[in-house]
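Here's a quick tour of one model, with a stop at a helix pair and another at some aromatic rings. Have the viewer open as you read.

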Amino acid sequence: MDTIYQLKKLSLRCPTSCYVFKFEIIHHIEERILEKKLKETIEQDISLFPKAAVVTKDTWEKSVLNTDSPVLVEFYASWCGPCRMVHRIIDEIAGEYAGRLSCFILNTDDDFPIAEDYEIKAVPVVLLFKNGEKRESVVGTMPKDFYIAAIERVLKS
């Protein structure tokens, strides 16, 4: 930062009209450096938030059906583009509702029998469970508010 500051001082002393141009370039460089540091800090902070865990047929009963806390499960497929969009939302929700809601993801290609049990015909689908029973479902790619509304209904029930 000292080098940039010195360049800024030199450019301001320049009697020609180009000093404004030099100042803008230096200012732009400072912004890029700050943006990069901010981005790194945010990425580091985001990695500390809880994310949706993977649930499989082996862990389904323990994680989803036999738990006292409400549970959200996103049914997805690795080849599904819209599922990736929903997955980002579910990861955000997992962080925001940590301690009040358990969030999981289930790959329907790997664990088809579970998807079949809940009549999942297409992905993405988000199911909400409470006391082992399915209470809400959100089918397709929806705005975050749809998921939040369903979660709030389940939490209040």
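What follows covers a helix packing contact and a set of ring pairs.

## Ground rules

This is a predicted model, where local features need pLDDT of at least 70 and side-chain atom pairs count only at pLDDT 80 or more, while totals for chains, interfaces and linings use all residues. Residues are numbered from 1 along each chain as its sequence is written, and side-chain values use heavy atoms, with hydrogens and water left out.

## H4 against H6

Helix H4 (residues 81-96) packs on helix H6 (residues 144-156) at about 45 degrees, and their axes are 10 Å apart.

On the H4 side, the contact (heavy atoms within 4.5 Å) uses Val86, Ile89, Ile90, Glu92, Ile93 and Glu96; H6 brings Lys144, Tyr147, Ile148 and Ile151. Sorted by type, that's 7 nonpolar, no polar and 3 charged residues.

## The aromatic rings

The whole structure has 4 aromatic pairs (ring centres within 6.5 Å; planes over 60 degrees apart count as edge-to-face). Trp60 in helix H3 and Phe129 in strand S4 sit 69 residues apart in the chain, yet their ring centres are 5.7 Å apart, with planes at 85 degrees, so the pair is edge-to-face.

Phe129 also pairs edge-to-face with Tyr118, with centres 5.4 Å apart and planes at 90 degrees. Phe129 is buried at 1% relative accessibility, whereas Tyr118, at 21%, is partly exposed (buried is under 20%, exposed over 50%, partly exposed in between, using a 1.4 Å probe and protein chains only). Ring pairs join Trp60, Phe75, Tyr118 and Phe129 into a cluster.

Terms used:
Axes are lines fitted to C-alpha atoms, for helices over the stretch in contact, and angles run from 0 to 180 degrees between N-to-C directions. Helices (H or I, at least four residues) and strands (E, at least two) are DSSP runs, numbered from the N terminus. Ala, Val, Leu, Ile, Met, Phe, Trp, Tyr, Cys and Pro count as nonpolar, Asp, Glu, Lys and Arg as charged, and the others, Gly among them, as polar. Rings of Phe, Tyr and Trp (its six-membered ring) pair if their centres lie within 6.5 Å; planes under 30 degrees apart count as stacked, over 60 as edge-to-face and the rest as tilted.
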